[in-house]
Amino acid sequence: MPLPPLDDLFGPSRDVIWRKLASELNAEYVEGDFWTRGKIEASHAGWFITLDEHGKYHRTRMRAPYWNCDRFRFTVYRKGVFSEFGKCLGMQDVLVGYPEFDQEFIIQGTDDTRLRQIFANQRIRDMIAAQPRIHFGTKDAHGFFTRNSAAETPTATLDVLEFMVEDRPSIQTIEQFRFLFDLFAETLDELCRRGTARKASIDQLGAP
């Protein structure tokens, strides 16, 4: 008697799910190799967003590069999840004025006033609060994307907005991806409204 397909025994593989996800989102699934797993690259409303896995434990992360106009950076994570990591960032914890949010999260940034302006956006707070385990913030894009010297922007630095998912299984549905995509778009748009961010187009980026 022939054995049933592996998908019937264990469910579809991560690569199968992500290929289907990319197809349904009109995004590109980029095949992996011996060292790396496949990833999804999507572009919407001028933002370039990558979904991949990182590190020994294949933590899922979503990233979007942008031009940082004033060196403002922030990070937010649930208390008790990334506490040790947060201690290394050299930024003070900030209360943004929303008690339930302040109670659940460590919020850090390089400019307290700008940080409170960003998190005054209720939609951003609600989407972050909906994530059970989260590390979300901005960082140097070095190692993720490289600048195209022909499209250099000397008055800004190339940074990346990054969301790290701790839970496994990770992003496996269209709804999860779109929810995080909305969080990215809303946060990047808010950074633009505050004069902190400008969109980094595809032709301004190179391979890592």
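**Exercise 1. Identify the residue in β4 that is the bridge partner of Thr-50, and describe how strands β3 and β4 run.**

Solution. The bridge partner of Thr-50 in β4 is Arg-63. Strand β3 covers residues 47-54, and five bridges join this strand to β4 in an antiparallel arrangement. Strands here are DSSP runs of E with at least two residues, and helices are runs of H or I with at least four, numbered from the N terminus. Two strands pair if DSSP finds at least two bridges between them.

The model is predicted: local features need pLDDT of at least 70, side-chain atom pairs count only at pLDDT 80 or more, and totals for chains, interfaces and linings use all residues. Residues are numbered from 1 along each chain as its sequence is written, and side-chain values use heavy atoms, with hydrogens and water left out.

**Exercise 2. Determine how many aromatic pairs the whole structure holds, and describe the pair of Phe-136 and Phe-163.**

Solution. The search finds seven aromatic pairs. Rings of Phe, Tyr and Trp (its six-membered ring) pair if their centres lie within 6.5 Å; planes under 30 degrees apart count as stacked, over 60 as edge-to-face and the rest as tilted. Phe-136 and Phe-163 are tilted, at 6.0 Å centre to centre and 55 degrees between the planes. Phe-136 belongs to strand β7 (residues 134-140) and Phe-163 to strand β9, so the pair ties together parts that are 27 residues apart in sequence. Both Phe-136 and Phe-163 are buried.

**Exercise 3. Locate Arg-125 and name the residues that it touches.**

Solution. Arg-125 is found in helix α6 (residues 122-129). Not counting residues up to four places away in sequence, Arg-125 touches Tyr-98, Phe-101, Phe-119 and Ala-120; contact means heavy atoms within 4.5 Å. The side chain of Arg-125 also reaches the backbone oxygen of Ala-120 at 3.3 Å.

Terms used. Polar contact = N/O pair within 3.5 Å; in protein donor to acceptor, adjacent residues only side chain to side chain. Buried < 20%, exposed > 50% of the residue type's maximum accessible area, 1.4 Å probe, protein only.
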